[in-house]
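User: Could you take me through this structure? I am new to reading models and would like to ask questions as we go.
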Amino acid sequence: MKGKIAEVFESIQGEGLYLGERQIFVRFFGCNLSCQFCDTKLNRFIEYEAEELFEKIKLYQKGFHSISFTGGEPLLQKDYLREVLKLTSSQGYKNYLETNGTLPAELSDVIGYLDIVAMDLKLPSSTGAGHFWDEHRRFLEIASSKEVFLKLVICEATEEEDLRQGLRLIKEINQAAILVLQPNSLENDGRLIDKLRKFKDISRTENINCRIIPQMHKIAGIR
Ligand code: SF4
């Protein structure tokens, strides 16, 4: 079975709780969503057998934190992803999944091979792409059998009620999960700071451990 992979590269994680860790990034082609703030418009891919991709990963110098399976949405190719994860985990590599959190059935097929799940909550007022509360609920239930943190992209258009809905969901399923508020990089020129502060205060009031973390790779000019 071949997978469609947009790129494989080594870099420093630029967002979320593992900011600053060296990772190998495997970017899967294709996504099931179309967020208005998306910065990953992919139009090319290379096809690899799982073994071929694994051989490519093994060429990188050891000592990196983990392999980041990112996209697009990696779970769209879950059978292929599972084959790759089997290979990497059997050799002791740590598997880190970056996902939009909308495909719970697919997650359940690979969760056994994952170490860390970096899960988005897609707020309708941020993405302009409808709501996924039911999918997110089921997804977080499954992801919570492993280490998981959540990420919300905050835009000028993000509504407080969407944040509150996300907080209710986290409280209900996994209150210990850390929430990252990530300012939309296209609007990260200071205009979001009041909203970020307010949303962090609301999160604290709701007893959710929340951090504001911008996309550092864009600020630092790292790939
Ligand atoms: S889920 Fe991620 S990759 Fe897909 S459209 Fe949204 S921001 Fe882009």
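Predicted model: local features only at pLDDT ≥ 70, side-chain atom pairs only at ≥ 80, totals over all residues.

User: Thanks. Where is phenylalanine 37, and what does it touch?
Analyst: Phenylalanine 37 is in the loop between β2 and β3. Strands (E, at least two residues) and helices (H or I, at least four) are DSSP runs, numbered from the N terminus. Not counting residues up to four places away in sequence, phenylalanine 37 touches Lys122, Ser126, Thr127, Val153, Cys155, Asn184 and Leu186, where contact means heavy atoms within 4.5 Å.

User: How many residues apart in sequence are phenylalanine 37 and cysteine 155?
Analyst: They are 118 residues apart in sequence, and their C-alpha atoms are 8.5 Å apart in space.

User: Now the sheet. In what order do the strands come?
Analyst: The 9 strands form an open sheet in the order β3-β1-β2-β4-β5-β6-β7-β8-β9, with mixed pairing. Two strands pair if DSSP finds at least two bridges between them. β3 (46-49) and β9 stand at the edges with a single partner strand each, so one side of each has no neighbour in the sheet. On average, neighbouring strands of this sheet are turned by 30 degrees against each other, direction ignored.

User: In which sense do β1 and β2 pair, parallel or antiparallel?
Analyst: β1 and β2 (residues 22-28) pair in the antiparallel sense over 7 bridges. Valine 8 stands opposite valine 26 in β2. Helix α1 (residues 50-58) packs on the sheet, touching β1, β2, β3 and β4, and its direction makes about 95 degrees with that of β3. Such angles run from 0 to 180 degrees between N-to-C directions, and axes are lines fitted to C-alpha atoms, for helices over the stretch in contact.

User: And which strands pair with β7?
Analyst: β6 (residues 116-120) pairs with β7 in the parallel sense over 5 bridges, and valine 117 has valine 148 as its bridge partner in β7. β7 also pairs with β8 (residues 178-183) in the parallel sense, over 6 bridges; there, the bridge partner of phenylalanine 149 is isoleucine 178. Strand β7 (residues 147-154) is mostly covered, as 7 of its 8 residues are buried.

User: Back to β1 for a moment. Is serine 11 buried or exposed?
Analyst: Serine 11 has a relative accessible area of 8%, so it is buried. Serine 11 lies in strand β1 (residues 2-12). Leaving aside neighbours within four places in sequence, its contacts are Glu21, Arg22, Gln23, Phe25, Ile222 and Arg223.

User: Where does isoleucine 222 lie?
Analyst: Isoleucine 222 lies in the segment after α8 (216-220). It is partly exposed, because its relative accessible area is 36%. Apart from neighbours within four places in sequence, isoleucine 222 is in contact with Ser11 and His217. Isoleucine 222 and isoleucine 12 are 210 residues apart in sequence, with their C-alpha atoms 7.6 Å apart.

User: Changing topic: how do helices α6 and α7 cross?
Analyst: The axes of α6 (residues 160-173) and α7 (residues 193-205) come within 11 Å and cross at roughly 30 degrees. That makes α6 roughly parallel to α7; angles under 35 degrees count as roughly parallel, over 145 as roughly antiparallel, 65 to 115 as roughly perpendicular and the rest as oblique.

User: Which residues meet there?
Analyst: Glu160, Leu163, Arg164 and Leu167 in α6 meet Lys198, Phe199, Ile202 and Ser203 in α7.

Notes
Residues numbered from 1 in each chain as written. Heavy atoms only, no water. Buried < 20%, exposed > 50% of the residue type's maximum accessible area, 1.4 Å probe, protein only.
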